[in-house]
Amino acid sequence: MKAMCTPSKQRRITRWEHEAVIEAMQRRLDEMPNAMRVRRSIVEHVFGTIKDWMGRDHFRTRRLAKVATKMSLHVLAYNLKRAVAVLGPPC
């Protein structure tokens, strides 16, 4: 059988250095099959809201630093709005 698989004397199997992380994630998903549904209902709502604020448009700025700044401002605004909604307006 070995002669049919590889012409070399020894067989080498390569593995990505972070493969254990992916296997652990897959194991957690197997234990909790509704995890992605929960994630979509909790996390994806935030990105949908921010996209609505942006007008469902792409970033109009260029360069990674400017896009990162714009996204950071959107996330900050979202967090402030949520904090006011949860805690109430300051008195």
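Arg-15 is exposed, with a relative accessible area of 53%, where exposed denotes over 50% relative accessible area, buried under 20% and partly exposed the range in between (1.4 Å probe, protein chains only). Glu-23 is partly exposed at 35%. The model is predicted, so that local features require pLDDT of at least 70 and side-chain atom pairs pLDDT 80 or more, whereas totals for chains, interfaces and linings use all residues. Residues are numbered from 1 along each chain as its sequence is written, and side-chain values rest on heavy atoms, with hydrogens and water left out.

The side chains of Arg-15 and Glu-23 form a salt bridge with an N to O distance of 3.1 Å; the criterion is a side-chain nitrogen of Lys or Arg within 4 Å of a carboxyl oxygen of Asp or Glu. The search of the whole structure returned 1 salt bridge.

Helix H3 comprises residues 35-53; helices are DSSP runs of H or I with at least four residues, strands are runs of E with at least two, and both are numbered from the N terminus. The 19 residues of H3 should span 27 Å at 1.5 Å a residue, in agreement with the 27 Å between its end C-alpha atoms. The expected span is 1.5 Å times one less than the number of residues. H3 bends by about 40 degrees at Glu-44, the bend being the angle between axes fitted to the seven residues ending at a residue and the seven starting there.

The buried residues of H3 are Ala-35, Thr-49 and Ile-50. Their cover includes helix H2 (19-31) and helix H4 (64-87). Thr-49 has a relative accessibility of 17%. Between Thr-49 and His-74, the C-alpha to C-alpha distance is 10.0 Å at a sequence separation of 25 residues.

Val-38, also located in H3, is partly exposed with a relative accessible area of 36%. Together with Met-32, Ile-42, Val-43 and Phe-47, Val-38 forms a nonpolar surface patch of about 430 Å² accessible area. Patches consist of residues with over 30% relative accessible area and no salt bridge, with like charges joined within 9 Å and nonpolar side chains (Val, Leu, Ile, Met, Phe, Trp, Tyr) within 5 Å. Accessible areas come from the Shrake-Rupley method with a 1.4 Å probe, and for residues only the protein chains shown count as cover.

H3 is followed by Gly-55, with a positive phi near 80 degrees. Arg-63, in the loop between H3 and H4, has a positive phi near 80 degrees in a residue other than glycine. Arg-63 is exposed, at 69% relative accessible area.

Definitions and conventions: Contact means heavy atoms within 4.5 Å.
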